[in-house]
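Subject: Structure for you to look over

Hello,

Here is the structure I promised to hand over. Please open it alongside this email, and my findings follow below.

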Amino acid sequence: MIKLKTQDEIELIRKSSLLVAKTHAEVAKHIRPGITTKSLDVIAETFIRDHEGAKPAFKGYGGFPATLCISENEQIVHGFPSDREIKEGDILSIDCGVEWEGYFGDSAFTYPVGDQTDEVWDLLIDTIDSLYVGIDCARIGNRIGDVSYAIQKYTEIDRGYGVVRELVGHGVGSALHESPDVPNYGKRGRGPKIKEGLVIAIEPMINAGSRKVKQLNDGWTIITADGKPSAHFEHTVAVTKNGPDILSDFEVIFESIKSNPNIKDFKEKVRYLQTNFQDG
Ligand code: MG
Ligand code: MG
């Protein structure tokens, strides 16, 4: 059952989502070759718990051991922090969730550490752009399939990437994962109707190569079957009368990236970031 949210509930989800964004921004200050992914996780957990009543949403969720999912290079999602040191040339998909005052926020961002190949830059920029193309379809009167199709068209149909089928976006609210599923592939005009008060996490997981995936023996980490890199960007979005309202925030993350020489600033290359989806 889809639970539509009141404006008061949307503001609580925004509060959690903005804390997720600030946690990303805090972590982004510390990303550098030589730091372990476990250290980044400690930074994130400490930062979240410094806000009274706020909790990491992933820690303990289904037995997940950490605050952040950190998935490196060919890892798609659900990688967990370890003693592995980050190295120049890695890309890190970091996913973070917060619960605060009974409501959740969820947002992911892929960080390029140092120089990247053209293939990887294209993957990052096309994936983030596909997220905004999907958000633009989260409008009253559309269906979830319109969001799904827009992302698939932008990435797989027009640009030849692999869209992961096994993992999808979702409703967000008083639970981290609610109805409906929000796949990154689908058919226009299909799926649940998008109504005012719907809050969803839209999260393209896009592979440079094949869409096929494998799971590591750790029981969590999902990787690309062909070993090629994968990118993941996610916003929590509310559907309002005036259009999609993005409750999480990449601007604060790009501010941190700008001041961290270990992460190349790619904000200028992103096509849709500055788009205001709220009309009126
Ligand atoms: Mg997430
Ligand atoms: Mg999510």
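Start with Ile200: its bridge partner in E14 is Val237. Keep in mind that this is a predicted model. Strands E9 (residues 199–202) and E14 (residues 235–240) pair in the antiparallel sense, over 4 bridges.

That pair belongs to an open sheet of 5 strands. The order is E8-E7-E9-E14-E15, and the pairing is antiparallel. At the edges sit E8 (178–182) and E15 (243–246), each pairing on one side only. From one strand to the next, the twist averages 30°. Helix H1 (residues 7–30) lies across E9 and E14. Its direction is at about 160° to E14.

Now turn to strand E4 (residues 91–100). How many of its residues are buried? The count is 10 of the 10, so E4 is largely enclosed by the rest of the structure. Both faces are covered. On one side are Ile91, Ser93, Asp95, Gly97 and Glu99; on the other are Leu92, Ile94, Cys96, Val98 and Trp100.

Which strands pair with E4? Here they are, with the bridges:

- E1 (residues 55–56) pairs with E4 in the antiparallel sense over 2 bridges. Lys55 stands opposite Glu99.
- E2 (residues 68–72) pairs with E4 in the antiparallel sense over 5 bridges. Cys69 stands opposite Asp95.
- E5 (residues 103–112) pairs with E4 in the antiparallel sense over 10 bridges. Asp95 stands opposite Ala108 in E5.

E4 and E5 form a hairpin with 2 residues between them. In the turn, Glu101 has a positive phi of about 50°.

Last, helix H2 (residues 37–49). At 1.5 Å a residue, its 13 residues should span 18 Å; the end C-alpha atoms are 19 Å apart, which agrees. The buried residues of H2 are Thr37, Leu40, Asp41, Ala44, Phe47 and Ile48. They cover an arc of only 130° around the axis, which puts them on the same side of H2. An α-helix has 3.6 residues a turn, so residues three or four places apart point the same way. What do the buried residues of H2 pack against? They pack against H1, E1, E2 and E4.

Best wishes

Notes: Residues are numbered from 1 along each chain as its sequence is written. Chains are lettered from A and ligands numbered from 1 in the order in which they are written. This is a predicted model: local features need pLDDT of at least 70, side-chain atom pairs count only at pLDDT 80 or more; totals for chains, interfaces and linings use all residues. A residue is buried if 20 or more other C-beta atoms lie within 10 Å of its own, exposed if 12 or fewer, and partly exposed in between; C-beta atoms are placed from the backbone. Two strands pair if DSSP finds at least two bridges between them. Axes are lines fitted to C-alpha atoms, for helices over the stretch in contact, and angles run from 0 to 180 degrees between N-to-C directions. Two residues are in contact if their C-beta atoms, placed from the backbone, lie within 7 Å. The expected span of a helix is 1.5 Å times one less than its number of residues. The arc is that of the directions from the helix axis to the C-beta atoms.
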